[in-house]
Structure formats: C-alpha cells, structure tokens
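Hi everyone, thanks for coming. Please have a look at it first.

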Amino acid sequence: MLSFLASSLAPCSPQARLLALQCALRSTPPGWVRIPSGLIRAMALPQAVAAWQELEEMRWIRQSVHDSPVGSAQLTDPLIGAPGRKARARAADWALRAHQSHPVRAGAPAVRLVALALAAHGAPDRADSIAEIGQVARASGLSVGELLDAMESLSASGSIGYWSLDPVTEDLTWTMSSPLPAAPTSDPRR
C-alpha cells in the first residue's frame, strides 16, 4: 500500500500520508472509509483536521457533508484490484502497531512514517535489513535528505540500533532495536 500511495498520492505532509494510508487500508471496495476518533487519537497526528483538509484539497478524498469534519470520507480513486478488505484491515492494524513504540510515537509524523517504511521493508528473520534508499524515500513520501534526518532521529531515540548508507550502491542498511510486530498475512488461519 505504501507503493500505491507513492504512485497515487501527490506530495503531501507526513501526517496526511499516514492518514491516507489508514484510509486506503480501511476503505470499502467502493472507497468509503470511516476513521473513528479513537483511531485518530491513536495515530497521534498533531493536526488531524489539517491532514483531512489536505487530502480533500488534493482531491484524494471527498469528505461526507453529513458527518463531522473529521472521520468519514470517500476515496476519489477506489482501490480496484487491491487486496481484499480483511487483508487490508490486518495491514491497517499492523501499520498502526509498527510505529507505536514510545520513542517512535513521540517523534514527528515524518519519523513515524520512516519507521513504518523500515518495518515494511525490513527482514523479520534477519538481524539487519537492506533496501535501496530511493525505494524507502518513495515509500515514505520524503526526500532523501528528510529520510536521512528521520534515520538520525530514530537512531538517537534508540528505535534503530544501527544504520548506514553505502554511497556507491545507495543501499540503506539498518537494524531495528526491538522486534517488529508480525507482518500481516493472507492466511486465514493466522
């Protein structure tokens, strides 16, 4: 879904991108989504109303005129061909939990977005993970410079134990300090 947002969402603030991710993952097939106020509080967005308005001004959502100004909308481009709603709901829960450790949650939305992108690109079965820096930057909707600043913040908070950037290959290598939540699976037995 981070790749979908990278291709369908115009440049926007990190908090609008975090909100857009939850909207996309929690929407019905025709694109309707309702984000309860408790979930918005759990997302810890400093200006949730501004994030909703930003997505609406970009014409990525249309807010319902019958509800409060925050919480209910329709995506202007329904997720045709996206995974089923149950799989996306599990992914929405995982995306929320992947950046909820105290040091990450206390960080700016850009830091939380990078933590989420690292979790999505991370290798749960290995101590360290590797990805091309441009790929992580696109997934988080940030410039490489903003990504590197967020990596410094994650390192300073102890959320990542180690990270490096190979200047030749542009590979970003990192080690998470704490284990990631289990990634969502499409296996109904889990």
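By buried I mean under 20% relative accessible area, with exposed being over 50% and partly exposed in between, using a 1.4 Å probe and protein chains only. Ala115 sits in helix α7, residues 109-121. Ala115 and Ala150 are 35 residues apart in sequence, and their C-alpha atoms are 8.5 Å apart in space.

A quick word on what you are looking at: this is a predicted model, where local features need pLDDT of at least 70 and side-chain atom pairs count only at pLDDT 80 or more, while totals for chains, interfaces and linings use all residues. Residues are numbered from 1 along each chain as its sequence is written, and side-chain values use heavy atoms, leaving out hydrogens and water. Helices (H or I, at least four residues) and strands (E, at least two) are DSSP runs, numbered from the N terminus.

Now, the core. Which residues touch the most other members of the largest nonpolar core? They are Trp60, Leu118, Met151 and Leu172, out of 55 residues. A nonpolar core here is a set of buried Ala, Val, Leu, Ile, Met, Phe, Trp, Tyr and Cys residues joined through side-chain atoms within 4.5 Å. Leaving aside residues up to four places away in sequence, Leu172 touches several residues, including Leu118, Met151 and Trp163; contact means heavy atoms within 4.5 Å.

In one, three strands form an open sheet in the order β1-β3-β2, with antiparallel pairing. Two strands pair if DSSP finds at least two bridges between them. β1 (32-34) and β2 (61-63) are at the edges with a single partner strand each, so one side of each has no neighbour in the sheet. Between β2 and β3 (residues 72-75) there are three bridges, and Ile61 stands opposite Leu75 in β3. Helix α4 packs on this sheet and touches β2 and β3, its direction making about 120 degrees with that of β2. For such angles, axes are lines fitted to C-alpha atoms, for helices over the stretch in contact, and the values run from 0 to 180 degrees between N-to-C directions.

α4 (residues 48-57) also packs against α2 (residues 14-26), at about 75 degrees and with the axes 9 Å apart. The two helices are therefore roughly perpendicular; that word covers 65 to 115 degrees, while under 35 is roughly parallel, over 145 roughly antiparallel and the rest oblique. Among the residues making this contact are Leu19 and Cys23 of α2 and Trp52 and Leu55 of α4.

The other open sheet also has three strands, ordered β4-β6-β5 with antiparallel pairing. β4 and β5 (160-165) stand at its edges, each with a single partner, so one side of each lacks a neighbour in the sheet. From one strand to the next, the twist averages 20 degrees. Helix α8 (residues 133-140) packs on this sheet, touching β4, β5 and β6. Helix α9 (residues 144-156) lies across β5 and β6 and runs at about 150 degrees to β5.

Finally, which residues make up the covered face of β4? Ser129 and Ala131 do, whereas Ile130 and Glu132 form the uncovered one. Thanks, everyone!
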